[in-house]
Structure formats: C-alpha cells, structure tokens
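My entries follow the order in which I looked.

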Amino acid sequence: MNPDATVLATQWEWISTVESAINSAFDPIAEAVASVIFYAPTIAGVTFPLIVLWLVVAAIVFTIYFRGIQFTSWRTSLDLVRGKFSRASDPGEVTHFQALSSAVSGTVGLGNIAGVGAAVTIGGPGATFWMIIAGLFGMCTKFVECTLGVKYREVHEDGTVTGGPFRYLPIAFERFGSGASRTLTVIFAVALFLFGAVGGNMFQANQTFAQAQEVTGGEDGFLGSSGSALIFGLVLAFLVGAVIIGGITSIAQVTSRLVPAMALLYLGTCLLVILGNLVNVPAAIAEIISGAFNPEGVAGGAIGVLIIGFQRAAFSNEAGVGSAPIAHSAVKTKHPVSEGFVAMLEPFIDTVVICTMTALTIVIADSAYYDEQREVVAGGGPTPDGVVVTSRAFETFLPQFPVILAIAVALFAFSTLITWSYYTMKAWTELFGRSRRSEAIFKVVFCTFTVIGSVITFTSVITFADSMLFVCAIVNLLGCYLLLPKVREELRSFREGRRTGEITEVPVEERATT
C-alpha cells in the first residue's frame, strides 16, 4: 500500500470503530427480537419459522375463501392492467400498470438471485416446485390486502392518496376499541418504517456498492480506495432523491420503465443459459418434480424440501406483509377490487416467474460449485452464499456474467430503494403527520440512510429490521382476516356491475394506461 493510501485508510478507520461499537451494542436487542419473530421449531428434522406458517396458512385460507380466484381471473387481471375499465379522470395518482410496476420493484431484489441460490442448494431442485405452489397461493393474499388498500384509502385535496394498512387496519381493529386500534396501527407503522429505512434502504445500498466494487477490480480497483464508498453513496442518494421528490407519480413513472427493463435483462440472461443447455431441460424438470416428493440428501425429506420452498417464496414476494397495498392504493380507479385483480400478478411475476427462472437456470447449468455445495450442506456444512451459486450457474454459459449480475443487482436495488422510500414515507407521515415540511424532513433522512448504507453495514441493525418486516405481517394479516367479508362484497359488486353492463370497457382515448 502506498503512503497516500495508508493515510486515507487511517483517516477512515473511525468508521469501522463506530460500526463495531453499534453492532456490539445492538446485538443483544437484534438477537432477542429475531428469536421471537423467527421462532423456528424443528419439524421432520428441519427448522421451520412460524412466521412462514402464518403467511402460508393465510394464503391457503384466502384461496379457499375466494374459491381459487387467482386461477380463474387471468383475463380480468390482464384487461385491468391494460386499463380497460379505468379512466384517466378516475381518482388516484397512477395507472394500474404503474401501480403494479411500483409494487413489483419493491419485492424483486437480491432475494430472487441470492435467496433462490441458497434455497435450491439446501433443498435441492424440488424446492423450486414448492416455491411455485407457495407463489400461486400468495397471489390471493395480494388480492385481499390490495383490495382493502384501495377500498379504505383517503384521496387528499391535492389529489395525492394515502391508503394501504394505515387506513384499513383502524377499521379492522375498531371492534377492540379505539386504543387497541390505534396501538396496533402504530406498531405496524413503526415496524414498517424501521424496515424501510434499514432493510429496504441501507442493505440495498450496501450490496449495490459491494457488487460494483467486485466487478471493478475489488479493493485494488477504482472503487477500492478509502472514501469511494462515501462518494458512491452520495451519488446513489442523489439519484434516489431525484426520483422520490416527486412522490408516487414520479416513482411509478420510473418503475414502469425500470421493471420491464430489468426483468428482460435478467430473464433474457436466464433464457440464454437454458437454451444453451436445451438437451438438459427435460431431465431438470423431471428432477424438480421428483425432488419435491422424493428428495435426496435433504434434511426432513419431502417435508423438509416443502418447508424450504415455502420459506423462500414467502420471504421473496412479501404477500401479507402489507407493503404492496400502499403502492396499489394510489391507482386510478373507482372499483377497489379492480386493483386486487391486478395485484394478484405480483407474486406470479416475482416468485412463479423470476424465482423459478433462477432456480431452473441453476439446476440446468448443474455447475461443479452447485454440486459441491449440495454435498457440503447435506453433510451438515454451512449454507453457501446464494449469489455465488447463481453466478457460477450463469458463468457456465456466460463467462462475463458477473458484470451482467452487477447491473441486475444495481437495477433491482435501485428499484427497491425508490419504492420502499414511498412505503416508508407513508409510515413516517402516519407517525409524525402529513405536511410538506414533514415529508421533506423524511426524504433527507431516507437519503442519509442510503449514504450510510453504502459506507457501512450495521449487521445486527439489519437483522433487527428484517424482524420488523414480519411484525408487519402479523398485524396486517390479522386485519385482513377481520375484513374478508368486505372484500367479498367488493368482488360481488364488481361482478354484478360487469354482468349488468354498469361497468363497461372505457374508450381507448379515455383510459388510464401507461
């Protein structure tokens, strides 16, 4: 190391000291909270977090309650995304497609790359089958929560919207008294803010910088010098700030272009690997199906692989967490259930399509690293870094894939950042009031967290933040259960309107489209 680099490293040493001090102080809190939220009894030799059971059971109950609506309403969902039943003059801020894009951008992220890589290493190819099943059930959860998000939304005088759990939870819990209702809503808002500021912000910023540094030469590259993380964070924060200053309208305009672009980039790369190994496709599909019911080398056997697949899907698409209804509630529509139909597509895109394509690519490529790590895990060894498993699968066909992965990670992370800024701001205004000054303060705070996340990783703080996301799920799904009859009323009203002709297709020139 040259003298100038040594001086710079010394000047920035205090950051590591601060990071270590905060992690040490926060470790006991993070561990205590995580041990409760992610309490995981052992079932058939596999630990299974009860929070996943809470999410999956809700998805199954909702599917039964609405008679598998996600399997019978594809045409309606697609027609609504295209704006066939919504006018540009309808109350709301964004189109159905923009609302869907914003919500998808908040869930499609590193979990679709790293999380899936880890899941198919631990659970084998069969985990893919159960990811798909869980994703299909999760579609109905999104239908329920997003219908409620629009039904109870508040459209302000300036045309902006506040909706989602902040408006339907007080209605759901009012039967328990105003005190209990307000307390549960505040718990949800605090938990959502903590996750959004840290897990949905700092972690994404940190991983974006780490991947950018890796593909530019690591610590010896131009992003390896002391201070480069700070500059990177400032640039990223500036880009985030430039988008979020315009609220959900600006965010939706960006995500409606960014989401299709990043999906095409990533899925196109997956298809290249799959087509390059076309002769292996039938065997891979057979392995996925057989592995779901008769897995080899997986703790807990068939039950174990089912648990792993369900867990990955639940953590990936966030169905039931209550975040997506915040974006969907801003849609231009007069019929709340219309956005429920649109929201059903979100877990399908996130889990059934993107997660499955990642898993299929890994299984078909069958890299030496994947085989080695499966043996390590089967022998009781540690779980590998999922992003490496995925990267090695792509490298079998595309040696330069780490560069493409860096671009994909950057796009995924940026889209997650800007969408979670909106979710987090709604939590902030629920707690501190809605005013221009309050929202301006929030945007500064959020962008500051982006910079901090690029420079350091408060590991224990992020663990705590992840726990908070699932605190949201506990409160949100309880509210959804209590309001299921209201969702059914909206569904009946919409179907009756379509039957009688009261709800008809809107002329093309009057539609709320992209």
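Entry 1, the basis. I worked from a predicted model, in which local features need pLDDT of at least 70 and side-chain atom pairs count only at pLDDT 80 or more, while totals for chains, interfaces and linings use all residues. Residues are numbered from 1 along each chain as its sequence is written, and side-chain values use heavy atoms, with hydrogens and water left out.

Entry 2, the largest cavity. I looked up cavities (sets of points on a 1 Å grid over the protein atoms alone where a 1.4 Å probe fits but cannot get out; lining residues have an atom within 4 Å of a point). I found two of 30 Å³ or more. Helices α3, α8 and α14 each supply at least two lining residues (helices are DSSP runs of H or I, at least four residues, numbered from the N terminus).

Entry 3, the second largest cavity. I recorded a volume of about 40 Å³. Among its lining residues are I244, Y422 and K443. Helix α20 gives the most, with three residues.

L53 counts as partly exposed because its relative accessibility is 38%, between the limits for buried (under 20%) and exposed (over 50%), with a 1.4 Å probe and protein chains only.

Notes:
On a 1 Å grid over the protein atoms alone, a cavity is a set of points where a 1.4 Å probe fits but cannot get out, and a pocket is an open set with protein on both sides within 12 Å along at least five of seven lines; lining residues have an atom within 4 Å of a point. Grid points are joined across faces, edges and corners, and a volume is the space filled by probe spheres set on the points.
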